[in-house]
Amino acid sequence: MTHKGIIVNIEPDSLAEEIGLEIGDKIIEINGQNLRDIIDLSFALAEEEIELLVEKKNGEQEVIEFDKEYDEKLGAEFESAVFDGIRCCGNRCWFCFVDQIAPNMRASLSVKDDDYRMSFLYGNFVTLTNTKPEDFERIKKLHLTPLFVSVHTTNGQLRAKMLQNKRAADIMLQLNHLKEAAVEFHTQIVLCPGINDGEELEKTIHDLMQMQPYAQTLAIVPVGLTKYREDCYPLAMFSQEEASRVIDQVERWQKINRNKTGKSFVYLGDEFYFLAKREIPPAKEYDGFPQLENGIGLTRNFLSEWDEITDNVCNPYAKQIYLDIVCGKSAGSVLTSLLEQLDIPNLSVRVVAIENEFFGKEITVTGLLTGQDILKNLKDHQGKRTGVIIPGSALRTGEDVFLDDYSLADLQRDLGVDVKVAYNGGELKRLLQSWHEHPMTLDVNPNVYTWQSNAAYSKNK
């Protein structure tokens with residue numbers, strides 16, 4: 001098999017360091033077992049007596065034998081979470097965002113993974129169309145739960161058309177396999193006007209609600225359309241009226257489910273509320289934000305984090321400070337409203353809601369801003385500027401660069417002022433309250449994968 005169990009970091013004073021593992025070593029086998037991924041590695045390392053087959057950087061192999069505590073961490077980070085290669089998507093979804101990205105962008109942005117292991121490990125959504133019977137057996141045997149599944153519709157024939165894959169029609173059978181194995185799953189729908197909305201959405205919500213408690217949540221996000229849609233299925237954005245109808249429809253189902261279980265179960269992406277010019281729901285209706293990583297409830301969570309910083313009375317700045325806060329078009333009014341509540345002497349704040357020219361003006365979310373668009377818009381905004389606050393969601397995970405490979409350091413150099421990052425509402429408020437107390441750091445966290453004990457996994461961010 002293609003083996004990428006390559007160590008890229010060794011934690012100081014760790015078990016890995018103690019037994020002599022080095023950066024560049026490949027973990028080939030543990031107790032005679034081949035390793036497909038860090039799931040295999042995790043379960044193999046649960047033993048207390050270990051025989052490790054390692055391939056050194058010079059190609060020579062050696063066996064390392066050692067004893068360990070059951071829950072003792074190895075302390076090694078790996079180049080990839082899977083050692084036999086990421087399974088790529090075999091669908092051609094009508095709404096696929098990867099098919100709409102700009103040409104000549106880095107190759108990694110065009111990789112469409114559809115790997116159930118990445119779903120279990122990191123919450124990536126998968127369609128299950130390339131999940132084989134033996135994979136379901138492994139999921140059941142190892143109880144890999146929860147998974148994150150892109151359903152889109154429970155109408156098998158319609159799903160096969162939307163994904164352009166006949167295997168996509170088996171979605172309800174596959175979800176029932178997970179249910180019978182007591183594997184929980186979170187689901188999502190990319191909603192397309194006139195295709196899987198209306199009565200089709202009614203059926204999908206009903207079908208998935210009937211699968212509770214194994215079906216944990218359902219997120220519904222509107223289709224995103226960039227200016228790079230070429231040779232793609234003709235789709236449209238939701239109008240204000242259509243978005244309002246979706247909200248009304250979902251609110252009815254939320255009420256039904258809350259009366260039964262105490263939870264909403266189904267949640268809408270913030271874009272629907274922005275499109276409909278409706279208020280974002282209160283935090284209690286998000287039930288702890290179970291799909292926050294999927295963008296569900298980001299705005300309400302941001303507002304809650306802002307409100308948690310209660311010391312609104314701050315010392316005045318010794319001299320006038322002028323800060324620009326960058327965001328996408330959809331978030332501009334939200335930030336402006338927040339700043340009206342903030343009164344700090346000698347602080348002037350301006351919200352710069354960026355027009356997304358890189359992907360197209362219909363893309364209004366903050367997370368898809370590019371460095372070049374931010375630079376252009378800031379240069380177009382004349383006036384005094386002490387510094388700039390960038391939303392963390394616009395940066396690639398674990399890196400200090402935007403989607404267009406323009407970096408924070410580039411932005412600071414080209415603007416000639418300090419550029420700092422706020423990853424949530426609380427951080428933004430703190431930066432505004434004490435700008436000079438937060439030195440700018442452009443540290444890059446390596447995009448590596450760490451094994452942890454008790455079958456827990458995390459991707460460093």
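At 37% relative accessibility, aspartate 170 counts as partly exposed, a class that sits between buried (under 20% relative accessible area) and exposed (over 50%), with a 1.4 Å probe and protein chains only. The model is a predicted one, so local features need pLDDT of at least 70 and side-chain atom pairs count only at pLDDT 80 or more, while totals for chains, interfaces and linings use all residues. Residues are numbered from 1 along each chain as its sequence is written, and side-chain values use heavy atoms, with hydrogens and water left out.

Aspartate 170 turns up in the loop between α5 (156-163) and α6 (171-180). Helices here are DSSP runs of H or I with at least four residues, strands are runs of E with at least two, and both are numbered from the N terminus. Between the C-alpha atoms of aspartate 170 and isoleucine 325 there are 46 Å, with 155 residues separating the two along the chain.

Two helix pairs are worth a look. Helix α7 (residues 199-209) packs on helix α8 (residues 240-261) with the axes 11 Å apart and an angle of about 20°. Axes are lines fitted to C-alpha atoms, for helices over the stretch in contact, and angles run from 0 to 180 degrees between N-to-C directions. That makes α7 and α8 roughly parallel to each other, given that angles under 35 degrees get this label, those over 145 are roughly antiparallel, 65 to 115 is roughly perpendicular and the rest are oblique. On the α7 side the contact (heavy atoms within 4.5 Å) uses Leu201, Glu202, Ile205, His206 and Met209, which meet Gln249, Val250, Arg252, Trp253 and Asn257 of α8. Sorted by class, the contact of α7 with α8 holds 5 nonpolar, 3 polar and 2 charged residues. In this scheme Ala, Val, Leu, Ile, Met, Phe, Trp, Tyr, Cys and Pro are nonpolar, Asp, Glu, Lys and Arg are charged, and the others, Gly among them, are polar.

The other pair is α12 (residues 371-380) with α13 (residues 408-415), whose axes come within 11 Å and cross at roughly 20°. So α12 and α13 are also roughly parallel to each other, and α12 passes α13 in a right-handed crossing. Ile374, Leu375, Leu378 and Lys379 of α12 make the contact with Leu411, Asp414 and Leu415 of α13. This time the residues divide into 5 nonpolar, no polar and 2 charged. As for spacing, an α-helix has 3.6 residues a turn, so residues three or four places apart point the same way.

Burial in α12 takes in Gly371, Asp373, Ile374, Leu375, Asn377 and Leu378. These buried residues pack against β11, β12, β13 and α13. Helix α14 (residues 425-433) is mostly covered, with 7 of its 9 residues buried: Gly425, Gly426, Leu428, Lys429, Leu431, Leu432 and Gln433. The packing partners of the buried α14 residues are α10 (298-308), β11 (321-328), α11 (332-339), β12 (347-354), β13 (387-391) and β14 (418-422).

Most residues other than glycine have a negative phi, and most peptide bonds are trans. A cis peptide bond links threonine 145 to proline 146, with omega about 0°, and proline 146 lies in the loop between α4 (133-142) and β7 (147-150). The loop between α4 and β7 also holds histidine 143, which has a positive phi of about 50° although it is not a glycine. Histidine 143 is partly exposed, at a relative accessible area of 39%. Another cis peptide bond joins glutamine 212 and proline 213, with omega about 5°; proline 213 sits in the loop between α7 and β9 (215-222). Phenylalanine 265, likewise not a glycine, has a positive phi of about 70°. Its place is the loop between α8 and β10 (266-268), and phenylalanine 265 is buried, with a relative accessible area of 1%.

Finally, the cysteines. The count comes to 0 disulfides, taking a disulfide as a pair of cysteine sulfur atoms within 2.5 Å. For cysteine 93 the closest cysteine sulfur is that of cysteine 89, and at 5.4 Å this is too far for a bond. Cysteine 93 is buried, with a relative accessible area of 12%, and cysteine 327 counts as buried at 2% relative accessibility.

Notes:
A crossing is left-handed if the near helix is turned anticlockwise from the far one by less than a right angle, and right-handed if clockwise.
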